[in-house]
Each structure stands twice: as C-alpha cells, then as structure tokens.
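Here is a short briefing on a structure, written for reading beside the model. Please keep the sequence and the 3D view open.

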Amino acid sequence: MRFEQPKTVNDAVSLLADADGLTRVLAGGTDVLVQLRLGMVEPDLVVDIKAIPGMRDITEENGGFTIGAAVSGAELGEHAKLVAAYPGVVEGMELVGSTQVQGRATLTGNLCNASPAADSVPAMIAADAIATIAGPDGPREVPVADIAIGPGKTSLKKGEIITSFHLPARPANASDAYLRFIPRTEMDIAVASAAVNLTLKEGKVVAAKIVLGAVAPTAVTVPAAADAIIGTALDDASLDAMAKACEAACNPITDKRGTIEFRTKTAGTLAKRAAKIAFARAGGKS
Amino acid sequence: MSKLHVTTTINGDSREFLCEPEDTLLDALRNTLGLTGAKEGCATGDCGACSVTVNGRLVCSCLMLAAEAEGQEIDTIEGMADHDKLHPLQKHFLEGAALQCGICTPGFLVAAKALLDKNPDPTETEIRYHLAGNLCRCTGYDKIIRAVQNAAAEMRGA
C-alpha cells in the first residue's frame, strides 16, 4: 500500500486517476481504517486529502455554508451559526459513533461509505445540499441525493473526489430535524430514520422535504409525504397522511436489527416526530 | 516499499519515527515509540482503549494511520501526570477504585481529560454520553463517572 498526502486537489485527482488497482480516499478514516484492518479492502493507494487547503474549513457563502470534505463531526457541532441554521444536518452527523469517532469522521465519508443507514445523509438530502466534485474532467456539482446509488456504491467516477458540500441560504422561518431509532441510547446503527426540512409562512408549512434512512438501499426522498403537510400547521390528520406516505415509500430488509414491518412503521412515526421538531424550530406554534 | 518518515510532537516533545504505510498511529506509539499506555481493544473504534488527542481533539489511535501524524501534536496518557504528580483524574480513579483490570483506564483518562478541558463542570449525563465510546467490562461505569465528577470538582477548586 502506498500513502500519499497531496497538497492540492489537482494532485489528489491525478494520483487517483492514474492509479492502477484499488484506491481509497482518506478523510476521517473511521470507515476506511476499519475496512483496512479487517482485511475487507486492500488498497494499493490511499490518498489523504487533509493537507489540501480548504478541506477543513466551514465558510459562509451566498448566505449558506460551504463545508470542506475533511471537516469532522465535532467541528460541525462547534460551529454555532451552522448549528442554528441547520440543526437537523448537525444532529444527524453527531449521531455517528462516539466522541472519538466524531473527532475524525466526516459528512463526506459517511456519504461515500454509502451505508443505507448513514445518519448524516437523510438530513443533507432534505437540506438540498450540493456536493462539489473534482475529477479528471474538471469540477462538477451534484445533489447529495445522487451520490449514493446502492449499499457501498456511489456515482463517483475513477479519479473523482468530493471536495465540499454547500448548504443553501435559509429563508426566514425554516429549520430541520433528524431522528433515528436504535435499540439503545448511543453508539449504534439506525434501524430506521427520518429527516424533515420545513419552511413556514404565517404559521403554515409552505415548503417541505422528507427523507427516510435505513428503509431502502439508499436514502429515500418522499415527495408525497411533503405534499401531505404543505399548507398545514401540522394538524394530526395531515401528520397521519404524511406517515402513511412515508410507509408507502419504504422498501426495507429484515435483518438482526429490525423487520420490514417494524422499519416501515417506525419510519413513519419518526417522520411525524421530526416534523414536529422542525416545525417548532422554524418558529411554528401548534 | 520503503518506510515513511514521520516527524511529530508527542506530549510536547518533538519525535521522529519510521512506519509502514498501513501502520496505525497506535502501532507506532506502542511498537515503535514504546508508549504502551494506549491499548488495542477492538481495533475498530468501538472501545476507546486507544484514545489519544491529536491537536487537542480526542480520537481513536487505531483509526488513524501513523503517517497522518506528520506535523501533528499528539498527547497520550504518558503525558498526563506532571512527573511524579498525578493528574486529578488519575488520583480520583485510584482513590475511587474506578478500575479493576485497568486495560480501559488510559483511554478513559484521556477521554475524560478531553471533556474537562472543554467543559469543567459537566452533568452526569454529559459525562456518560462523552464516555460512551469507552468500554469497561469490569466496573459497571458508576465508579468511573464518580471519579470524573470528583476530579472535575477538585479542578474547579470546589
């Protein structure tokens, strides 16, 4: 195995594009190192992107936030303005692993590891986050929803790396929330999860995005669930309709952590609860 | 493949070492540098026995490549006591019998210090969540939590 720590994005891309054999990009390493140690992957080249300027920065841009690919979960949680604007995105990331893992783990790694249960991904999709990708054919911007295409699989091409995410500017009275179910209180993998991003006007929902995790091969956006609550102040009937729409969008598996039936029901329930939290955070009164 | 040369700062001292590309920081600390306080429990980032700080940030040294330590400031359990004078956390772990076999103890101490450096007066809940990535299979945690609370109180001058 060869280890490289390039100082520029172009060098990182060249190294990855020109490499023969298996490559891995190293940001926080909390998945890559585990896979390495367990012998699940034996890369010929590991490219550490943390020495590239900007990779560890959170910058305010066009009213929104640009988050470098190597920013850790702990750094996200310490950025007061980002937490205020996107509490759901931050709480999703902060559910990943322990304090130790938070010291290194990144949004990028969580996304590119492409686990169906990745905790930071549903809220990123609900927030309409855009990934900036560098590659041999130049940079491109892609919605986060289009990165993971199946368990352990991404749409990134050879030589491509995510360099940053952009969270768009927030209108007034908008917020988000993320909830997951695990059988214990900490340090576990989601059995089902839901992220809700809402914008309110005059006490009613005018825009909504609802994304479920761990109930399909990738995170699932549920437009019908959003439609069920747009124009409402989250009365019980609308929330019930939203939960039903969520259940209809689930396509989970049964495994040791949960059955198809349990995951489906739980996803709807979590979406209801997350919607209420996002609504309150956005200044709504129920 | 030739070995990689790494220059780093460990517990305030400039250190250099050679490592293989696939060596973890924990491998380098224990096998090359002779700093055997950090332990390998699970090697997958679940148990926290290998906890160290990198630039003040708590991490699992089993989940970091040794080569990544280039230019970084690493602090380990070996740097916690001030020569013969134990850190208040170490003292209260001993006085409160917050350890039995001791394998997890260096990780708990490093993790607890990282908490108290940022939050000198944590609640019990905050302590328990902060230490959720440190596993102890002997004590049942209560004595560890009390020791951290007592050390925090002493450090605040309470």
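The model is predicted. Chain A and chain B touch, with 20 residues of chain A in contact with 24 residues of chain B. Chain B holds 5 helices and 5 strands. The largest nonpolar core has 147 residues.

**Chain B: overall form**
- The order of elements along the sequence of chain B is β-β-α-β-β-β-α-α-α-α.
- Chain B has 158 residues, and a compact globule of that length would have a radius of gyration near 15 Å. The value for chain B is 16 Å, so it agrees with the globule rule.
- Along the principal axes, the C-alpha atoms of chain B fill a box of roughly 55 × 30 × 25 Å.
- Of the 158 residues in chain B, 44% are buried.
- Take the contacts in chain B with a separation of 6 or more: 59% of them link residues 24 or more positions apart.

- Chain B has an open sheet of 5 strands, in the order 2-1-5-3-4, with mixed pairing.
- Strand 2 (13-19) and strand 4 (57-60) of chain B are the edge strands, and each pairs on one side only.
- From one strand to the next, the twist averages 40°.
- Strand 1 (residues 4-10) and strand 5 (residues 73-75) of chain B run parallel and are joined by 2 bridges.
- Ile10(B) stands opposite Ile74(B), which belongs to strand 5 of chain B.
- Helix 3 (residues 105-118) of chain B lies across strand 3 (51-54) and strand 4 of chain B. The angle between helix 3 and strand 3 of chain B is about 40°.

**The side of chain A that touches chain B**
- The contact joins 20 residues of chain A to 24 residues of chain B.
- Strand 1 (2-4), helix 2 (32-37) and helix 6 (99-102) of chain A each supply at least two residues of this side of chain A.
- Helix 2 of chain A gives the largest share, 4 residues.
- By type, the residues on this side of chain A are 8 nonpolar, 7 polar and 5 charged.

**The largest nonpolar core**
- Val196(A), Leu212(A), Cys246(A) and Ala271(A) have the most contacts inside the core of 147 residues.
- Helix 3 of chain B gives the most to this core, with 8 residues.
- Beyond its neighbours within four places in sequence, Ala271(A) is in contact with several residues, including Val196(A), Leu212(A) and Cys246(A). Ala194(A), Ile210(A) and Met242(A) are also among them.

**Val211(A)**
- Val211(A) sits in strand 13 (residues 204-213) of chain A.
- Val211(A) counts as buried because 30 other C-beta atoms lie within 10 Å, and the cut-off for buried is 20 or more.
- Leaving out residues up to four places away in sequence, Val211(A) touches residues including Pro122(A), Ile125(A), Ala195(A) and Val220(A).
- Val211(A) and Val46(A) are 165 residues apart in sequence, and their C-alpha atoms are 32 Å apart in space.

- Asp128(A) is not a glycine, yet has a positive phi of about 60°. Asp128(A) lies in the loop between helix 8 (121-126) and strand 6 (130-134) of chain A.
- Asp128(A) counts as partly exposed because it has 15 C-beta neighbours inside 10 Å.
- Leu234(A) is not a glycine either, and has a positive phi of about 60°. Leu234(A) is in the loop between helix 9 (223-229) and helix 10 (236-249) of chain A.
- Leu234(A) has 22 C-beta neighbours inside 10 Å, so it counts as buried.

Definitions and conventions: Residues numbered from 1 in each chain as written. Chains lettered and ligands numbered in written order. Predicted model: local features only at pLDDT ≥ 70, side-chain atom pairs only at ≥ 80, totals over all residues. Contact = placed C-beta atoms within 7 Å. Nonpolar A, V, L, I, M, F, W, Y, C, P; charged D, E, K, R; others polar. Pairing = 2+ DSSP bridges. Axes fitted to C-alpha atoms, helices over the stretch in contact; angles between N-to-C directions. Rg over C-alpha atoms; globule rule 2.2 N^0.38 Å. Buried ≥ 20, exposed ≤ 12 C-beta atoms within 10 Å, placed from the backbone. Core = buried A, V, L, I, M, F, W, Y, C linked by C-beta atoms within 7 Å.
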